[in-house]
Amino acid sequence: MNPPYAPWQLRAAFAARLSDMYGREVPAYTTLVDVTRAVNEDVLRERGAAAERLGSIGRVTAERHGAIRVGTPAELGQVARVFGALGMRPVGFYDLREAAASAVPVVSTAFRPVDADELARNPFRVFTSLLTPADPRFFDDGLRKRLEGFLAARELFPPELLALADRAEAEGGLVGADAERFLQLAVAAFELSREPIDKAWYEELERVSAVAADIGGVRGTHINHLTPRVLDIDELYRRMTARGVRMIDTVQGPPAWDGPDVLLRQTSFRALDEPRALRLADGSVTSGMLRVRFGEVEARGIALTRAGRALYDELLTRVDDRLARGERHGPATPAERAEAARAVWSAALPRTERELAARGLGHFTYHVVADRPRDGAPPPPALDDLLDAGWVRAEPLVYEDFLPRSAAGIFQSNLEAAGVRDDTVAGAAYDSAWLSGAMGREVLDPFDLYEARQRASLAVVARQLRIPGPGAPAGGCAP
């Protein structure tokens, strides 16, 4: 009898096959992966153990996140079933409509593992966006009805795939031949379709939003981008540019500075012209070029607490205000924005992990130091004192999620036009609760997940040292 494939094994195999498939479809992605690997090897050689502070090199090398787009709640529910078979749950609600200056009519979540051991085994994530045809800022009643009719008539995932996904989730995995069949069908579902695209319909949606056209102008879905993780994203950007790869103008997210790496930094190469079959009004088929898919890379930092995230959002506003007050002709250049961000960050954010924890801004797990020399003194009850006396060490939690403004910035940087958005009318209301109901699965709050891991580590410390449960460091907010 063939051994069963656990969800994490299915997840790892799916991520690897998806990467191979996408590399065949978008050769520049393979270049991105090669350069990422070279940068990571150089950083590991230069920094030693410090390079693995936020994850082993094995995890970092294997790490990927993908991005897909779907059109209806029913399609989102089916995606949730496929990813549920891989041990991935929806985490976080991202409203890119509000985060983007261009027309990006989607709300999103990210499917990922949530348990620490599952993340360590394979942290594959898929950022999944849902079109919002009910939002009148983008779609009038007539276009909305035609768009919803088009989406209702298509099938993204074959029934056999969904049945295998349900079995895998219910039974905790699949056995040999069924596992192989599931993986084949799952990867095929995200390949770029060769079916001709209705040119007039695609262009009508494209005038509203290129993102809307990519979702509602085709009969299938596909991987929009795959993202490896790099240890030095600025060096990666320089090397890709030196190879003649056209990158977007900037690195999204926090600036490069001399303090702790926090949250998420992202950049990408620009969407490439790809040949697609286009069906004309008379039924004939011609060849055209569409710019949809691109290659993204990310550098992950420390997960911030709710207070830390609120500060991060405030700092973004301070940077915008600082640039708005400056005397210049036209918008700020990427270099000017990076310089302003570094100045704001340096004035407001802690320069050490310890201070980040002490101010209640960053999430850490805490662990008893097993080989601490014993001096006869009992362990103190306060976490600050335990850290100072060497009883306990702190390990930062990696930020496993995404940033709406950064995601919107990546989307916008790869659009040819801003699209159409009517801000004289009210937008349709979408939130985490709505998204949970739409897919029939609870969208988890990422802050709750980080807080639970921190609390659990403190409980273990208290049990091992036989002291009352220590709270957060002095000055911080208890989780």
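Strands β4 (residues 106-112) and β5 (residues 125-131) run antiparallel to each other and are joined by six bridges. Across that pairing, S108 faces S129 of β5. The model you are looking at is predicted, so please read what follows as a description of that prediction. Below is a short tour of its sheets, its aromatic pairs and its pockets.

**The five-stranded sheet**

- β4 and β5 belong to an open sheet of five strands, ordered β3-β4-β5-β2-β8, with mixed pairing.
- Which strands stand at the edges of this sheet? They are β3 (89-95) and β8 (225-228); each has a single partner strand, so one side of each has no neighbour in the sheet.
- Going from one strand to the next, the twist averages 20°.

**The three-stranded sheet**

- A further open sheet is built from three strands in the order β7-β10-β11, and here too the pairing is mixed.
- The edge positions are taken by β7 (197-198) and β11 (285-291), and because each has a single partner strand, one side of each is left without a neighbour in the sheet.
- β7 pairs with β10 (residues 273-279) in the parallel sense, over two bridges.
- If you want to find this pairing on screen, look for D198, whose bridge partner in β10 is R279.

**Aromatic pairs**

- How many aromatic pairs are there? The count comes to 14.
- One of them joins Y94 and F127 in a tilted arrangement, with 5.4 Å centre to centre and 50° between the planes.
- Y94 sits in strand β3 and F127 in strand β5, so this pair ties together parts that are 33 residues apart in sequence.
- Are Y94 and F127 buried or exposed? Both are buried.
- Y312 and W345 make an edge-to-face pair, at 5.8 Å centre to centre and with 80° between the planes.
- Because Y312 belongs to helix α13 and W345 to helix α14, the pair links parts that are 33 residues apart in sequence.
- Y312 and W345 are both buried as well.
- Ring pairs also connect F14, F83, F111, F124, F157 and F190 into a cluster.

**The largest pocket**

- The largest pocket holds about 1,000 Å³ of space.
- It is lined by 42 residues, and those closest to its centre are T250, V251, Q252, P334 and R337.
- Helices α12 (233-242), α13 (306-325), α14 (334-348) and α17 (404-413) each supply at least two residues of this lining.
- Which element gives the largest share of the lining of the largest pocket? That is α13, with eight residues.
- Sorted by class, the lining of the largest pocket has 23 nonpolar, eight polar and eleven charged residues.

**The second largest pocket**

- The second largest pocket has a volume of about 530 Å³.
- Its lining has 32 residues, of which R47, L54, L231, D261 and R300 are the closest to the centre.
- Two or more residues of this lining come from each of α2 (27-47), α12, β9 (264-269) and β12 (295-300).
- The classes here are 18 nonpolar, three polar and eleven charged residues.
- Helix α12 is worth a look in both places: it is among the elements that supply at least two residues to the lining of the largest pocket, and it also gives two or more to the lining of the second largest pocket.

Terms used
Residues are numbered from 1 along each chain as its sequence is written. This is a predicted model: local features need pLDDT of at least 70, side-chain atom pairs count only at pLDDT 80 or more; totals for chains, interfaces and linings use all residues. Side-chain values use heavy atoms; hydrogens and water are left out. Two strands pair if DSSP finds at least two bridges between them. Helices (H or I, at least four residues) and strands (E, at least two) are DSSP runs, numbered from the N terminus. Axes are lines fitted to C-alpha atoms, for helices over the stretch in contact, and angles run from 0 to 180 degrees between N-to-C directions. On a 1 Å grid over the protein atoms alone, a cavity is a set of points where a 1.4 Å probe fits but cannot get out, and a pocket is an open set with protein on both sides within 12 Å along at least five of seven lines; lining residues have an atom within 4 Å of a point. Grid points are joined across faces, edges and corners, and a volume is the space filled by probe spheres set on the points. Ala, Val, Leu, Ile, Met, Phe, Trp, Tyr, Cys and Pro count as nonpolar, Asp, Glu, Lys and Arg as charged, and the others, Gly among them, as polar. Rings of Phe, Tyr and Trp (its six-membered ring) pair if their centres lie within 6.5 Å; planes under 30 degrees apart count as stacked, over 60 as edge-to-face and the rest as tilted. Buried means under 20% relative accessible area, exposed over 50%, partly exposed in between (1.4 Å probe, protein chains only).
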